[in-house]
Amino acid sequence: MPVPDSELLLYDVDHEIDRKYKDLVQEELEYIRKNKDKIQKRAKTIYNKKKCGNTEKIMQFCLDYQDLERMHDEWISFMSKQGE
């Protein structure tokens, strides 16, 4: 579920003062762009396993996506009522 554009802050890596941090962020972006499909496939697999109650050890370290989705929906509902 997407976050509303109004809640996003743009980070412009080109204006980063710390050279080491800028290099790190650029390397991370490059990796993510190269591996986008693989990352999305793995994320979907973990999401589905967690949602189905999979008990693999790694699942202990994953967030409860259904709870996060519920909180997201509540927040969106709350924010829309604030704008009325």
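Asp23 counts as partly exposed because its relative accessibility is 28%, and the cut-offs are under 20% for buried and over 50% for exposed. In this predicted model, Asp23 forms a salt bridge with Arg19. Both residues lie in helix H1 (residues 19-34), four residues apart, about one turn of the helix.

H1 holds another such pair. Glu30 and Lys34 meet through their side chains in a salt bridge. They are four residues apart in H1, so about one helical turn separates them. Glu30 is partly exposed at 45% relative accessibility, whereas Lys34 is exposed at 66%.

A search of the whole structure finds five salt bridges.

| Salt bridge | Closest N and O atoms |
|---|---|
| Asp23 and Arg19 | 3.3 Å |
| Arg70 and Glu74 | 2.7 Å |

Arg70 and Glu74 both lie in helix H3, four residues apart. Arg70 is partly exposed at 40% relative accessibility. Glu74 is partly exposed at 44%. Salt bridges link Asp67, Arg70 and Glu74 in a network.

H3 covers residues 65-82. Its 18 residues reach 25 Å from first C-alpha to last, close to the expected 26 Å. Asp64 caps the N-terminal end of H3, with a side-chain oxygen 3.2 Å from the backbone nitrogen of Gln66. Ile76 also sits in H3 and is partly exposed at 31% relative accessibility. Trp75, Ile76, Phe78 and Met79 make a nonpolar surface patch of about 340 Å².

Helix H2 (residues 36-51) has 16 residues and reaches 22 Å, close to the 22 Å expected. Just after H2, Gly53 takes a positive phi of about 85°.

Technical notes
Residues numbered from 1 in each chain as written. Predicted model: local features only at pLDDT ≥ 70, side-chain atom pairs only at ≥ 80, totals over all residues. Heavy atoms only, no water. Patch = residues over 30% accessible without salt bridge, like charges linked within 9 Å, V, L, I, M, F, W, Y side chains within 5 Å. Areas by Shrake-Rupley, 256 points an atom, 1.4 Å probe, with all protein chains shown as cover. Salt bridge = Lys/Arg side-chain N within 4 Å of Asp/Glu carboxyl O. Helix = DSSP H or I, 4+ residues; strand = E, 2+ residues; numbered from the N terminus. Buried < 20%, exposed > 50% of the residue type's maximum accessible area, 1.4 Å probe, protein only. Expected span 1.5 Å × (residues − 1). Polar contact = N/O pair within 3.5 Å; in protein donor to acceptor, adjacent residues only side chain to side chain.
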